[in-house]
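Subject: Structure handover

Hello,

Here is the structure for your files, followed by notes on what turned up in it. Please read the notes with the coordinates open.

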Amino acid sequence: MKHCLISIRHLIIALLLVCSTGSPAAQDTGAKAYISQLAVQLQQALQTGLEKNLLDNDQHLDQIIDENILPYVDPALLSKRIFHPRWEDIIAAGKQLQAQTAVISSLRRTYRIALRSYNGQPFSVGDSRDTPNYSVVRITVQTGQNAHLLDFAVRPTEGDWKVFDLSVDGVVLSKTLNGAIHQELSGDSIDAIISAINPQSDSQ
Amino acid sequence: MNSRTYTAFAFLLRHPWLILSGLTTLLIFLLFQLPRLTLDASADSLVLEGDKALELYREMGKRYQSKSYLVVTYTPNESLFSPDVLKRLAQLRDELKTIPDVDSVITILDVPLLYSPPVSLGNLSRDIRYLHEDETSTDLARQEFRHSPLYKQLLTSPDERTTVLQINLERDDRFFQLLEARDQLRSKRLQHRLIPMETQQLAEAEHAFRSYSIQANERQRELVTQIRKVLDRHRDHATIFLGGVPMIAVDMISFIESDLITFGSAIILFIIALMALIFRRLRWMILPLLTCVVTCLIMLGFIAFADWQLTVISSNFTALLLIITLAITIHLVVRYREYYRAQPGFSQRQLVLSTLAFMAKPCLFTAITTMMAFVSLVVSDIRPVIDFGWMMSIGVGVALIMAFTLLPACLLMIPKGKSEIRGKTKPLTHYFARITDRYGITILVVSGFLLIASIIGIMRLKVENRFIDYFHETTEIYQGMLVIDQDLGGTIPLDILLRAPEAASLATKSTDNDPFDDDPFGNPVDNPFAESGTQSTNYWFTRSGLEQINKVQTYLESLDETGKVLSLNSLYQVFKDITGEELDDFQLALLRKNLPADVQPLLIDPYLSADGKETRITVRVMETSKGLQRDELLRQVQTFLINEMGYQPDQVSQTGMLVLYNNMLQSLFGSQISTLGAVFVAITLMFSLLFRSVFLALIAVAPNLLAAGVVLGVMGWANIPLDMMTITIAAITVGIGVDDTIHYIHRFRNEFPKDRNYRATMYRCHNSIGKAMFYTSVIIIAGFAILALSNFTPTIYFGLLTGLAMFSALMGALLLLPQLIISFKPLGPEQ
């Protein structure tokens with residue numbers, strides 16, 4: 001009986017998500033549908049994790065993140081924004097991969113914290129704001145009486161959409177991390193700039 | 001005898017009833033002012049006037065919306081976490097909440113529990129539990145109170161027997177408005193001269209603030225009474241102590257009142273007993289007593305009329321004034337009796353006028369020197385000490401006027417009485433003359449030894465003391481402080497303010513304005529979050545900021561004198577604990593953004609300024625720590641912040657009651673030196689003028705210098721610290737001590753020409769004025785000794801040390817002074 005109820009809930013959520021992407025303008029459809037698809041995928045993975053009590057397990061969380069989130073992120077562009085205006089220097093030093101890994105580590109930690117507290121809250125995909133180069137798609141996650149607003153900045157890259165920045169409740173990932181390493185950005189050491197992103201880079 | 005003085009007094013006392021009527025009218029008018037007399041023991045009255053740290057402290061209070069609070073320590077007879085006790089605790093909390101002026105009451109029942117069980121950061125609002133909720137696990141909550149970085153040693157004692165209730169009081173905005181208005185004008189006055197309109201405004205602001213403070217103090221007193229009433233209803237099942245600055249202020253006022261009444265009355269009884277013993281005449285009991293009491297009432301009425309407030313320091317005012325008035329009166333009585341004995345045929349009027357004419361000059365000079373001694377206290381920077389100096393100076397003036405008007409007017413209204421001739425037994429002072437005569441060199445050697453010992457003692461003087469030692473062990477202040485210090489993380493707050501470096505502040509600002517406006521993709525419009533203006537991060541609420549705070553907090557916690565340390569780091573540690581992750585700035589920003597509405601004002605607002613550029617670390621220092629050296633502790637912390645943490649001096653400020661109190665204590669050395677220096681210079685000048693000889697003036701000053709040195713030396717040797725009250729002793733000693741010297745030398749100069757024999761003159765002086773000196777000194781010493789019965793330790797020290805000082809001054813006047821006169825022959829060669 002319980003199993004049956006869960007399946008019905010999945011179905012309803014999936015339908016809701018599909019319905020919310022029902023009639024977009026032609027140029028919007030891509031970004032919004034893409035994020036909607038990600039949301040469904042992620043929510044399904046989370047529901048499964050929740051039902052199996054696996055959301056406290058870091059390995060399982062990392063698996064969800066690796067499968068449902070990170071492949072859709074543009075690490076190069078996100079890193080460029082975070083390490084602005086020293087990205088060119090990082091490339092010149094041949095450390096762009098190292099820098100991207102640091103950014104991904106930070107993102108992974110953030111998602112771990114967020115996903116660990118997932119408790120079956122519904123996601124709803126709202127309108128998108130589009131420009132010729134990118135779109136911003138908003139997802140609302142309702143937790144109790146509070147609604148969390150997740151804005152994903154996506155742009156078409158190599159025939160697919162990729163997330164290159166995000167904002168949660170108005171806190172912008174790239175801006176915040178860029179602000180956090182402002183002191184290091186004005187220093188000489190590229191390694192110091194990269195390691196400043198992560199509290200304990202070596203543990204990641 | 002000066003015939004002009006005699007004539008002047010004859011004119012003045014032509015109609016004694018007129019003087020008595022005038023004084024009665026004045027007394028009645030001032031008696032009506034007495035109900036306006038108020039006492040002030042607020043924290044402000046214990047700190048240094050014009051102290052920059054005080055300004056910063058008030059600014060900080062405004063910036064962080066700090067509220068005044070009281071604490072209640074609650075040790076139930078049963079287990080603290082038993083359902084019954086928690087129910088009673090809730091009941092106590094609710095009863096306290098109903099009291100007017102109480103804003104909120106924080107108990108273990110009301111603080112957000114973050115580990116019981118650990119909350120998930122995505123659902124803080126949902127997961128946070130409170131002990132008052134039925135579904136909350138008491139065991140988990142116990143663990144949390146014992147181990148949480150936030151609550152450990154804050155709300156429950158390590159043995160879980162005691163908890164604390166924090167009663168937050170409504171912030172009195174009107175009080176702070178009036179204070180600010182007054183302080184603005186005061187600081188303007190310091191910078192440049194005020195125009196007449198501003199002077200008027202300042203006077204009005206001073207008056208408005210003082211009037212409001214009196215009301216506020218009264219309300220505070222009522223509040224503490226109400227709280228105590230509530231607590232009394234719960235004492236049957238728990239041991240409860242009330243603590244906190246407002247309660248200490250209220251209790252100190254009670255001590256002052258008690259001291260004023262108890263010691264005033266005790267000294268009056270003592271005067272009656274002593275006068276009866278010495279003079280054995282009813283008139284000599286009643287008239288001096290009447291003079292003393294009227295003087296005190298007139299002065300108290302005047303203080304009330306002038307809107308002055310008595311403070312902890314001036315709590316001895318009545319005792320001191322009674323004693324000084326008595327001293328003047330005794331000199332007059334003794335001289336009167338001498339005249340009566342020498343001229344039994346004189347009429348009452350002749351006796352009285354002769355006495356006044358003879359004693360006018362020495363009494364005037366003794367009064368002036370005493371007044372100067374008290375005025376010297378004005379050079380200290382401590383407001384209660386300054387006020388005390390002025391009050392006593394005026395009081396001595398009033399005492400002189402009363403002794404030369406009320407006493408003779410009363411005497412003139414009664415008949416001469418029986419002969420004052422007594423037995424031919426030698427007075428005790430005669431033996432002092434014999435000792436000086438026989439052991440003059442020994443006296444000089446002993447004095448020299450005392451001088452050296454005093455200097456060494458003075459070098460050992462310290463200002464560090466324990467505030468708790470001001471109170472008797474049986475007082476609630478003492479017991480409450482002890483429990484809070486030992487079990488609940490310390491009592492005296494120290495606030496450390498750290499400001500972001502200027503460059504970092506700019507960086508944050510620049511980040512707020514979006515650094516990507518110029519080039520995310522080479523095109524300014526290609527920035528998806530350009531309009532996202534608000535940046536929830538800032539210098540301190542970032543990983544690097546929090547790590548810095550963590551380092552500072554860890555250091556502060558490692559110090560022996562510190563108890564509970566609270567800062568943003570406490571919340572940071574909780575975040576790290578419950579996420580199990582190291583956090584970066586993005587996560588921190590998200591966490592902060594999603595904190596429930598009731599957590600932010602509790603865990604962030606007290607430690608982070610609204611602009612995010614300043615963070616505050618509050619440290620509770622253990623006042624009961626035997627090794628507490630405030631100045632050293634503050635210096636140590638400052639050194640760590642500058643040298644180890646690398647902050648610029650302008651980035652770091654320390655404030656809080658610990659700093660303010662320390663500043664006041666540290667100023668005591670300087671104040672002591674300047675007040676003593678001022679009084680000695682003034683008295684030497686006065687003596688030079690009076691005796692028309694600098695040499696004689698220096699001889700006269702020497703015994704008093706030694707008396708002041710002895711009392712300070714004894715304090716040094718006995719490890720009695722200088723404090724606001726003991727700092728006044730040296731000046732008082734000199735002020736009152738020189739009276740004996742003036743009377744003695746005045747008499748000596750009168751007697752010496754009779755035979756130009758120093759030793760014979762000494763015997764005559766010791767047998768006449770020596771007696772008056774002896775009586776007055778014995779009365780003063782015994783009178784001050786009564787203060788040793790006070791509940792307030794500084795009053796005890798004050799009584800005993802002033803008694804010792806008077807004893808030293810008497811010995812100096814009866815032994816050293818005559819020996820110096822005999823040795824140096826300042827009045828010329830003998831015949």
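**Chain A**

Of the 204 residues in chain A, 50% are buried. Please keep in mind throughout that the model is predicted. Chain A contains nine helices and five strands. Read from the N terminus, the order of its elements is α-α-α-α-α-α-β-β-β-β-β-α-α-α. Among the contacts in chain A with a separation of 6 or more, 56% are between residues 24 or more positions apart.

On confidence, the mean pLDDT of chain A is 77, and 81% of the residues reach at least 70.

**Cis peptide bonds**

One cis peptide bond links A:His84 to A:Pro85, with omega about 5°. A:Pro85 sits in the loop between helix H4 (75–82) and H5 of chain A.

In chain B, the bond from B:Ser116 to B:Pro117 is cis, and its omega is near -5°. B:Pro117 belongs to the loop between strand E3 (102–106) and helix H5 (124–127) of chain B.

**Positive phi in chain B**

B:Asp101 is not a glycine, yet its phi is positive, at about 80°. This residue is placed in the loop between helix H4 (83–97) and E3 of chain B. Its relative accessibility is 33%, so B:Asp101 counts as partly exposed.

B:Asn719 is likewise not a glycine and has a positive phi, of about 60°. The loop that holds B:Asn719 runs between helix H24 (694–717) and helix H25 (727–755) of chain B. With a relative accessibility of 44%, B:Asn719 also counts as partly exposed.

**A helix pair in chain B**

Two packed helices are described by the angle between their axes and the distance between the axes. For helix H22 (residues 630–644) and helix H23 (residues 657–691) of chain B, the axes come within 9 Å and the crossing angle is roughly 120°. Angles from 65 to 115 degrees would count as roughly perpendicular and those over 145 as roughly antiparallel; H22(B) and H23(B) are therefore oblique to each other. Their crossing is left-handed.

Which residues of H22(B) meet H23(B)? On the H22(B) side they are B:Arg630, B:Asp631, B:Leu633 and B:Leu634. They meet B:Leu658, B:Val659, B:Tyr661, B:Asn662, B:Leu665 and B:Gln666 of H23(B). By type, the residues of this contact are six nonpolar, two polar and two charged.

B:Thr329 is part of helix H11 (residues 317–342) of chain B. Its relative accessible area is 0%, so B:Thr329 is buried. Setting aside neighbours within four places in sequence, B:Thr329 contacts B:Pro288, B:Thr291 and B:Leu407.

B:Ser808 lies in helix H28 (residues 793–824) of chain B. Is B:Ser808 buried or exposed? B:Ser808 counts as buried because its relative accessibility is 13%, and the cut-off for buried is under 20%. Apart from residues up to four places away in sequence, B:Ser808 touches B:Ala707 and B:Val710.

Regards

Terms used
Residues are numbered from 1 along each chain as its sequence is written. Chains are lettered from A and ligands numbered from 1 in the order in which they are written. This is a predicted model: local features need pLDDT of at least 70, side-chain atom pairs count only at pLDDT 80 or more; totals for chains, interfaces and linings use all residues. Side-chain values use heavy atoms; hydrogens and water are left out. Axes are lines fitted to C-alpha atoms, for helices over the stretch in contact, and angles run from 0 to 180 degrees between N-to-C directions. Helices (H or I, at least four residues) and strands (E, at least two) are DSSP runs, numbered from the N terminus. Angles under 35 degrees count as roughly parallel, over 145 as roughly antiparallel, 65 to 115 as roughly perpendicular and the rest as oblique. A crossing is left-handed if the near helix is turned anticlockwise from the far one by less than a right angle, and right-handed if clockwise. Contact means heavy atoms within 4.5 Å. Ala, Val, Leu, Ile, Met, Phe, Trp, Tyr, Cys and Pro count as nonpolar, Asp, Glu, Lys and Arg as charged, and the others, Gly among them, as polar. pLDDT is the predictor's confidence in each residue, from 0 to 100. Buried means under 20% relative accessible area, exposed over 50%, partly exposed in between (1.4 Å probe, protein chains only).
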